[in-house]
Amino acid sequence: MNETSKINKYIIDDFSSNDLVNTISIVETGLIDLNKENIHPLVNVDLIDAEVQDDAIIYEFIITAVQKRDINPQAIDSKLLNDSNYLDNINETLSIAQKFINRLRRFNNDENIEIVSISNLEFLKDFRGGGLDGVQFTINLSIHNEDTAS
């Protein structure tokens with residue numbers, strides 16, 4: 001199995017092991033399905049590029065975790081979004097991202113995949129107008145370059 005397959009398998013297996021995650025996709029971020037019912041929380045893993053070094057390959061991913069917003073129509077004078085589950089969605093998707101990041105930082109894995117860099121987690125509110133809330137971040141991961149023969 002090559003490095004790209006190994007790193008993708010690791011990420012997908014990690015998110016699959018999280019009880020909060022219902023669906024995992026690997027589409028371009030702009031193509032995340034906004035309209036499906038009963039697939040959320042959804043985590044999308046978008047492979048952006050790779051940098052080949054002598055001893056490692058560094059992959060860049062955009063990870064997006066989203067949950068469907070529920071709105072309870074009621075007249076309230078507050079601007080605190082008390083009529084929706086926005087804060088619940090942020091809590092849930094932040095937890096999904098946090099668990100993934102913490103496991104990578106704290107535990108060794110069989111493939112020796114390590115975090116090279118990670119962006120701040122950006123909160124998404126009504127993501128792409130699709131009624132989804134969540135978090136998104138960019139992460140660079142390294143894996144050993146197995147093809148070091150010249």
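Reply: In this predicted model, buried residues make up 41% of the 150 residues in the protein chain. The chain exposes about 8,800 Å², of which carbon and sulfur atoms supply 45%. Its secondary structure comes to two helices and six strands, arranged along the sequence in the pattern α-β-β-β-α-β-β-β. Among the contacts with a separation of 6 or more, 60% are between residues 24 or more positions apart.

In soluble globular proteins, nonpolar side chains tend to be buried together. Here, the largest nonpolar core has 23 residues, and Phe15 and Phe61 are those with the most contacts inside it. At least two residues of this core come from each of α1, β2 (42-52), β3 (56-68), α2 and β6 (132-144). Apart from this core lies another, of eight residues, including Leu34, Ile39, Leu42 and Leu132.

Leaving aside its neighbours within four places in sequence, Phe15 is in contact with Val21, Ile24, Val43, Val45, Ile63, Ile96 and Phe100.

One of these partners, Val21, is placed in the loop between α1 (3-16) and β1 (23-25). Valine 21 counts as buried because its relative accessible area is 12%, under the cut-off of 20%. When residues up to four places away in sequence are not counted, Val21 touches Phe15, Pro41, Val43 and Ile96.

Asparagine 109 is placed in the loop between α2 (86-106) and β4 (114-118). Its relative accessible area is 10%, so asparagine 109 is buried. A polar atom of the asparagine 109 side chain lies 2.8 Å from the backbone nitrogen of isoleucine 113. Leaving aside neighbours within four places in sequence, asparagine 109 is in contact with Tyr10 and Leu104.

How values were computed: Residues are numbered from 1 along each chain as its sequence is written. This is a predicted model: local features need pLDDT of at least 70, side-chain atom pairs count only at pLDDT 80 or more; totals for chains, interfaces and linings use all residues. Side-chain values use heavy atoms; hydrogens and water are left out. Helices (H or I, at least four residues) and strands (E, at least two) are DSSP runs, numbered from the N terminus. Buried means under 20% relative accessible area, exposed over 50%, partly exposed in between (1.4 Å probe, protein chains only). A polar contact is a pair of N or O atoms within 3.5 Å; within protein, one must be able to donate a hydrogen and the other to accept it, and residues adjacent in sequence count only if both atoms are side-chain atoms. Contact means heavy atoms within 4.5 Å. Accessible areas come from the Shrake-Rupley method with a 1.4 Å probe; for residues, only the protein chains shown count as cover. A nonpolar core is a set of buried Ala, Val, Leu, Ile, Met, Phe, Trp, Tyr and Cys residues joined through side-chain atoms within 4.5 Å.
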